[in-house]
Amino acid sequence: MSTPKVLTTLLGASLLAACSGDPPRPDKPEAPVVQVADVTQLTGDVEAGRMGFSQCRSCHTVEAGVNRVGPSLHGVVGRPVAHEAGYRYSTAMAAAGGVWDEQRLYDYLENPREHIVGTKMTFPGIKDGQRRADIIAYLKTQAG
Ligand code: HEC
């Protein structure tokens, strides 16, 4: 009778993942958390990123010009920081400067409130670098 043990292990893994802010990957429940500093060391998976973007949808759309709690993320890869027309950014984000290139997004999404102190994006971040790379790959397709 090993079933209860397996169940407990699975539950434990999901709970741990929930605490770190990353939901379990249905496809790879045992996948280790990827931690690299340089986004170019990873290959983002667009379809995984499309699913991962469900964590952003409560506040963001990828439709051009449609701002919600957060600004539209249509074409955000390569866009100057805090430049979505008609969106009221926090003072901190408005003053941050620079461009949302892939590395900047990768760093920001790990811990938004540490990367831009004072941002009003109340999202804890995604610890797993591969998941961030996946979402960035998806966002790159949401442009033009
Ligand atoms: C709880 C709501 C919320 C969630 C969830 C959320 N965001 Fe945000 N996001 C915001 C808000 C609000 C801002 C504006 C921040 C500011 O002005 O300080 C923002 C800003 C941003 C910006 C800067 C855009 C620009 O025009 O400069 C990026 C990039 C971004 N979010 C990406 C994401 C991604 C990717 C996810 C999902 C992994 C996500 N956000 C999840 C609320 C959210």
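Author: Helices here are DSSP runs of H or I with at least four residues, and strands are runs of E with at least two, numbered from the N terminus. On that basis the elements of the protein, read from the N terminus, follow the order α-α-α-α-α-α. The count is six helices and zero strands. The model is predicted. Of the 144 residues in the protein, 35% are buried. Taking contacts between residues at least 6 apart in sequence, 48% join residues at least 24 apart.

Now the site itself. The ligand sits in the largest pocket. The shell around the ligand consists of 26 residues, and the closest are Cys56, Cys59, His60, Ser90 and Met121. Sorted by class, this shell holds 17 nonpolar, seven polar and two charged residues. Helix 4, residues 102-110, gives the most to the shell, with three residues.

For tyrosine 89, the distance from a side-chain N or O atom to a ligand oxygen is 2.5 Å. For tryptophan 100, a side-chain N or O atom is 2.7 Å from an oxygen of the ligand. In threonine 119, a polar side-chain atom also lies 2.7 Å from a ligand oxygen.

Two of these residues lead on to arginine 79. Among the contacts of arginine 79 beyond four places in sequence are Tyr89 and Trp100, together with Pro71, Ser72, Leu73, His74, Glu84 and Val99. Arginine 79 is located in the loop between helix 2 (46-52) and helix 3 (91-96). Its relative accessibility is 11%, and because buried means under 20%, arginine 79 counts as buried.

Glycine 70 is also found in the loop between helix 2 and helix 3. With a relative accessible area of 7%, glycine 70 falls under the 20% limit and is therefore buried. Leaving out residues up to four places away in sequence, glycine 70 touches Cys59, His60 and Tyr87. Glycine 70 and lysine 120 are 50 residues apart along the chain, and their C-alpha atoms are separated by 8.9 Å.

Definitions and conventions
Residues are numbered from 1 along each chain as its sequence is written. This is a predicted model: local features need pLDDT of at least 70, side-chain atom pairs count only at pLDDT 80 or more; totals for chains, interfaces and linings use all residues. Side-chain values use heavy atoms; hydrogens and water are left out. A residue is near a molecule or strand if one of its heavy atoms lies within 4 Å of it. A polar contact is a pair of N or O atoms within 3.5 Å; within protein, one must be able to donate a hydrogen and the other to accept it, and residues adjacent in sequence count only if both atoms are side-chain atoms. On a 1 Å grid over the protein atoms alone, a cavity is a set of points where a 1.4 Å probe fits but cannot get out, and a pocket is an open set with protein on both sides within 12 Å along at least five of seven lines; lining residues have an atom within 4 Å of a point. A molecule sits in a cavity or pocket if more than half of its atoms lie within 2 Å of its grid points. Ala, Val, Leu, Ile, Met, Phe, Trp, Tyr, Cys and Pro count as nonpolar, Asp, Glu, Lys and Arg as charged, and the others, Gly among them, as polar. Buried means under 20% relative accessible area, exposed over 50%, partly exposed in between (1.4 Å probe, protein chains only). Contact means heavy atoms within 4.5 Å.
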